[in-house]
Amino acid sequence: MALAPNETQRIMLSAVARLMDRFPPDYWKGLEDSEAYPEAFVAEFEAQGFGGLLIPTEYGGAGGSLSDAALLLEEIHARGGNAQPFHGQFYLSFLVSRFASEAIRRKVLPGLAQGKLRMQSFALTEPDAGSDLARIATVAERAGHGYRIRGHKVFISRVEQSDLMVLVARTAPRGEGPKRTEGLSLFLVDLREAKGIERTRIRTMFNSQTYELFLNDVEVPAEHLIGEEGHGFEPLLHVLNPERILIASECIGDSRWFIDRSVEYAKGRVVFGRAIGSNQGIQFPLADAHARLVAADLVRWHATALYEADADPKEVGEHANIAKYLASECSWRAANVAMDVHGGYGMARDMHIERKMRETRLYQVAPVSNNLVLAHIAHHALGLPRSY
Ligand SMILES: Cc1cc2nc3c(=O)[nH]c(=O)nc-3n(C[C@H](O)[C@H](O)[C@H](O)COP(=O)(O)OP(=O)(O)OC[C@H]3O[C@@H](n4cnc5c(N)ncnc54)[C@H](O)[C@@H]3O)c2cc1C
């Protein structure tokens with residue numbers, strides 16, 4: 001780890017280590033058989049106050065930093081767990097505590113901090129607007145004292161497991177060129193009360209709780225608008241940039257898992273009368289994965305420092321995207337190396353390598369596909385013409 005954790009962070013990491021000892025890799029594997037949500041883990045996680053890590057202290061949270069959350073999620077992954085079922089609340093906490101009205105903050109943040117409410121769901125992706133977020137067609141119209149929302153979303157995670165969902169909709173038609181992200185607005189949807197949401201679970205290659213949503217005239221009160229109507233893009237960056245940094249952290253944790261497990265195995269597995277780890281064909285891919293991990297880690301902390309210093313969101317975005325790209329490529333590569341090092345045993349479900357491999361593959365695609373990250377770098381960092 002390139003960041004030396006401070007005293008508070010060391011205490012937090014010890015608590016996570018104790019928690020993960022109670023929820024070892026076999027727990028996560030067991031959930032796969034029934035495709036179940038890690039309810040027991042999440043309840044304990046919340047009971048220990050981790051769900052409120054990024055909620056400001058004046059609302060009862062721990063007032064933690066993005067660095068704290070990055071370390072926390074990394075550690076869960078490095079110990080064989082998967083934070084995908086509950087990481088949403090971290091990147092949505094910044095949005096709500098910075099941009100929601102004071103009335104909404106007072107209404108939801110204390111409950112989130114105490115683990116009485118869950119805000120794990122973020123509804124952005126649509127069938128005809130995957131990578132092209134400006135093309136989203138879900139519409140929110142003013143109606144009475146609030147808004148009426150109509151549209152279709154896909155791959156929206158943790159809807160059934162959340163009390164609150166943040167949803168992106170259009171309150172004005174899409175403009176052209178640089179104006180294409182104008183007219184986007186963000187809403188907090190109270191899933192306990194909202195009527196008109198139909199959901200169907202999408203079963204995926206790993207254990208995820210992901211849904212297709214049909215929004216049929218869903219009414220939300222006016223005060224549930226987050227930020228200004230039609231100017232949702234800037235607040236949205238306070239979801240997307242931390243999200244990329246936190247996903248990078250999970251990939252860094254996964255990379256550590258694959259490399260650590262493989263090094264241990266390579267030292268102990270004897271073939272042709274010697275440990276397989278004494279062969280360069282085993283050593284070099286592991287050394288290569290380690291070098292890539294160190295590089296991804298450094299960029300992850302650089303992006304985190306930029307976000308915490310309130311740097312220009314474009315600069316944060318460039319580095320958050322690069323961190324997510326490098327870290328997700330690294331964890332996928334490390335997964336393949338782990339498969340090779342473990343021989344046939346890598347495919348045995350009890351070894352957990354194949355499960356972690358399927359889980360980490362998501363991050364090449366979501367929350368933004370790596371092609372789109374490269375297109376963003378080409379355009380923003382290199383000044384090449386926009387291809388998207
Ligand atoms: C398990 C899971 C959970 C998810 N959870 C959520 C969630 O909670 N909330 C949410 O809003 N979304 C969620 N998503 C959606 C995810 O963010 C999208 O799948 C992702 O952004 C890619 O969009 P798409 O699937 O529509 O791919 P598409 O946009 O259709 O892209 C398909 C392929 O074409 C490539 N491509 C497209 N355009 C270009 C271009 N101009 N240049 C080069 N290549 C291009 C892409 O890189 C990709 O490889 C989830 C997805 C999964 C699988």
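A residue is taken as near a molecule or strand if its C-beta atom, placed from the backbone, lies within 6 Å of it. With that criterion, 23 residues surround the ligand, and the closest are L124, G130, S131, S369 and N371. The model is a predicted one, in which local features need pLDDT of at least 70 and side-chain atom pairs count only at pLDDT 80 or more, while totals for chains, interfaces and linings use all residues. Residue numbers start from 1 along each chain as its sequence is written.

The shell around the ligand comprises 13 nonpolar residues, ten polar ones and no charged residue; here Ala, Val, Leu, Ile, Met, Phe, Trp, Tyr, Cys and Pro count as nonpolar, Asp, Glu, Lys and Arg as charged, and the others, Gly among them, as polar. At least two residues of this shell are supplied by each of β1 (121–123), β3 (146–157) and α11 (370–381). Helices (H or I, at least four residues) and strands (E, at least two) are DSSP runs, numbered from the N terminus.

The chain is divided into domain 1 (7–114), domain 2 (121–230) and domain 3 (234–381), with bounds that come from an automatic or database domain assignment. Because domain 2 and domain 3 both give residues to the shell around the ligand, the ligand lies between them.

Domain 1 meets domain 2 elsewhere. The centres of domain 1 and domain 2, taken over C-alpha atoms, are separated by 23 Å. Across this boundary, 16 residues of domain 1 are in contact with 16 residues of domain 2, two residues being in contact if their C-beta atoms, placed from the backbone, lie within 7 Å. On the side of domain 1 that touches domain 2, α2 (25–34), α5 (88–99) and α6 (102–114) each supply at least two residues. The largest share of that side, five residues, comes from α5. In composition, the side of domain 1 that touches domain 2 divides into eleven nonpolar, three polar and two charged residues.

Helix α4 (residues 66–78) has 13 residues and reaches 18 Å from its first C-alpha to its last, close to the 18 Å expected at 1.5 Å a residue; the expected span is 1.5 Å times one less than the number of residues. A residue is buried if 20 or more other C-beta atoms lie within 10 Å of its own, exposed if 12 or fewer, and partly exposed in between, with C-beta atoms placed from the backbone. Since 13 of the 13 residues of α4 are buried, this helix is largely enclosed by the rest of the structure. G80, whose phi is positive, near 90 degrees, follows α4.

Strand β2 (residues 139–143) runs antiparallel to β3 and is joined to it by five bridges. A143 has G146 in β3 as its bridge partner. The hairpin of β2 and β3 has two residues between the strands, and in it G144 takes a positive phi near 60 degrees. Nine bridges then join β3 to strand β7 (residues 210–221), again in an antiparallel arrangement. G151 is paired with L215 in β7, and Y147 stands opposite V220 in β7. Strand β6 (residues 197–202) is also antiparallel to β7, with six bridges between them, and R199 stands opposite L213 in β7.

Two residues of these strands show their surroundings in detail. V220, in strand β7, counts as buried because it has 21 C-beta neighbours inside 10 Å. Not counting residues up to four places away in sequence, V220 touches G146, Y147, I149, F187, V189 and A194. In strand β6 lies I197, which counts as partly exposed, with 19 C-beta neighbours inside 10 Å. I197 touches L213, L215 and V218, again not counting residues up to four places away in sequence.

F233 is found in helix α7 (residues 233–268) and is buried, with 20 other C-beta atoms within 10 Å. Leaving aside its neighbours within four places in sequence, F233 is in contact with T181 and L184. F233 and P24 are 209 residues apart in sequence and 39 Å apart in space, C-alpha to C-alpha.

Technical notes:
Two strands pair if DSSP finds at least two bridges between them.
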